[in-house]
Amino acid sequence: MQLALLTNFAASRKEPLAEMVERVHSAILGSGLGEPAITFTFSEGPFQNVSSVDRVLKRFPALERFAQTLAAQPLAPVQGAPGIKALTNRAPEGKAIDAVPFATLLEIARGVPRSFPFHGVSLHFSLPEFTGAGGYPTPFGTQQPGLVVTDSWWVNGRQRSLAALTIVEAEGSAKKLPPLPETIAKVLAACGKVTKTVQVPFAPGAAPRPFERPAPTPREQAIAAVVQDYRARMPEVLERAKLPHDLPANPDAAVDLGVRAGPKKPELVRAFARLGYDCRGESGSFTLRRRTPSNLTVELHLDVGTWSNSMIGFFRIQGMADGKAFKASLITPPTRRAVIGAQYQMGGPERWQQIVENLAALVAELERSFVPAIEAVSGPSPDWYQPESSSSISN
């Protein structure tokens with residue numbers, strides 16, 4: 001089967017954009033792969049006082065043929081919203097329609113964000129070697145195999161990312177994934193520290209179009225049926241879990257909203273280590289994860305916010321069935337009285353401890369019932385399938 005590997009690297013805003021772009025380009029040339037094809041997009045915001053496009057064209061008039069006006073919000077248009085001015089050589093299918101010398105693109109990158117305050121920047125470096133044996137699907141919308149550097153404006157400052165998408169041929173019966181070609185591995189090593197790798201398998205056959213979901217297989221339908229059954233019976237599951245604390249439905253009125261829960265990770269580690277879960281995260285969100293003997297990934301994801309002092313939890317099982325990824329998800333209320341799907345106020349440290357102990361009891365119950373029910377219909381996953389997160393089918 002074909003497997004897409006999306007590797008994210010640490011990308012510091014302290015490193016100037018041009019230096020990162022030049023580092024990636026030099027790594028490709030240093031591997032002996034030759035000059036990469038570069039697809040670029042430099043876009044303004046929907047409301048811009050200064051036109052970065054006009055500034056670039058004044059300095060590089062030859063780039064006039066790349067000036068376009070893009071839709072402001074293609075997925076959710078705002079009535080009367082102006083189009084977005086951009087410089088791009090990206091065709092609708094994601095391929096470059098013309099080349100621009102790398103030296104020119106590097107000069108533009110050097111001007112971001114001071115001289116050229118673009119709202120968004122994307123530079124995609126592609127090479128045939130990133131597609132493995134050739135012929136590949138398009139796993140993430142219009143994203144293609146290769147390396148991509150992005151830089152964009154956000155309310156808390158510029159956001160930076162560096163990611164690589166490679167395609168490998170994987171065998172379901174193998175213990176490990178095949179190694180990447182030596183040249184590609186050398187390029188990725190030069191990109192820096194890996195923060196996350198996402199595995200997205202594809203069943204044999206023609207690739208689906210972007211955003212088009214293939215028809216579910218009987219096994220996927222069986223997984224979905226188990227999930228729907230447990231969602232419908234969550235009150236019963238909560239009763240079986242015997243939560244140690246009878247917390248109120250909505251503690252907003254009973255809890256001093258000025259009180260904060262404080263450090264959250266110590267209580268999570270204490271409660272879930274005995275269940276075999278590790279804990280990742282520092283603030284805002286935490287993921288507690290373990291792996292079953294049948295190679296399924298079981299995790300509890302908690303979104304605890306950074307300013308609201310409220311939380312919501314999700315219990316997920318990820319694996320592979322019929323050569324495709326699946327994710328079976330349930331919302332985990334911290335009390336029998338909670339409104340399922342709503343944020344829950346955490347209150348102070350004592351309330352947070354009670355919430356964590358309730359969640360640990362609920363997860364223990366799901367381990368006894370929900371996990372075996374999913375395993376019974378999904379079957380085992382390959383040894384090498386270890387998703388950090390997944391663009392998989394969600395039930």
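Asn-295 lies in the loop that links strand 10 (284-291) to strand 11 (297-305). Its backbone stands out: phi of Asn-295 is near 70°, a positive value in a residue other than glycine. The model is predicted. Asn-295 has a relative accessible area of 12% and is therefore buried, the cut-off being under 20%.

Asp-322 also has a positive phi, near 55°, and is not a glycine. Asp-322 sits in the loop between strand 12 (310-321) and strand 13 (324-331). With a relative accessible area of 36%, Asp-322 is partly exposed.

| Residue | Relative accessible area | Class |
|---|---|---|
| His-25 | 7% | buried |
| Asn-295 | 12% | buried |
| Asp-322 | 36% | partly exposed |
| Trp-153 | 42% | partly exposed |

**Overall fold**

The protein chain has nine helices and 15 strands. Of its 395 residues, 48% are buried. Among contacts with a separation of 6 or more, 71% join residues 24 or more positions apart. The accessible surface of the chain comes to about 19,200 Å², and carbon and sulfur atoms hold 55% of that area.

**Cores**

The largest nonpolar core has 45 residues. Phe-272, Ile-317, Phe-370 and Ile-374 touch the most other members. Helix 8 (residues 349-368) gives the most to this core, with nine residues. A second, separate core holds 41 residues, including Val-53, Phe-116, Phe-125 and Phe-130.

What does Phe-370 contact, leaving aside its neighbours within four places in sequence? The partners are Val-226, Val-227, Tyr-230, Phe-315, Ile-317, Ala-328, Leu-330 and Glu-365. One of these, Ile-317, is also among the core residues that touch the most other members.

**His-25**

His-25 belongs to helix 1 (residues 17-30). It counts as buried because its relative accessibility is 7%. Neighbours within four places aside, His-25 is in contact with Glu-35, Pro-36, Phe-102 and Phe-125. Phe-125 is a member of the second core.

**Surface and loop details**

Trp-153, Trp-154 and Val-155 make a nonpolar surface patch of about 370 Å². Trp-153 lies in strand 6 (residues 146-154). Its relative accessible area of 42% makes Trp-153 partly exposed.

Where is the cis peptide bond with omega of about 10°? This bond joins Val-112 and Pro-113. Pro-113 is placed in the loop between helix 3 (102-110) and strand 5 (120-126).

Methods. Residues are numbered from 1 along each chain as its sequence is written. This is a predicted model: local features need pLDDT of at least 70, side-chain atom pairs count only at pLDDT 80 or more; totals for chains, interfaces and linings use all residues. Side-chain values use heavy atoms; hydrogens and water are left out. A nonpolar core is a set of buried Ala, Val, Leu, Ile, Met, Phe, Trp, Tyr and Cys residues joined through side-chain atoms within 4.5 Å. Buried means under 20% relative accessible area, exposed over 50%, partly exposed in between (1.4 Å probe, protein chains only). Helices (H or I, at least four residues) and strands (E, at least two) are DSSP runs, numbered from the N terminus. Contact means heavy atoms within 4.5 Å. Accessible areas come from the Shrake-Rupley method with a 1.4 Å probe; for residues, only the protein chains shown count as cover. Patches are made of residues with over 30% relative accessible area and no salt bridge: like charges are joined within 9 Å, nonpolar side chains (Val, Leu, Ile, Met, Phe, Trp, Tyr) within 5 Å. A salt bridge is a side-chain nitrogen of Lys or Arg within 4 Å of a carboxyl oxygen of Asp or Glu.
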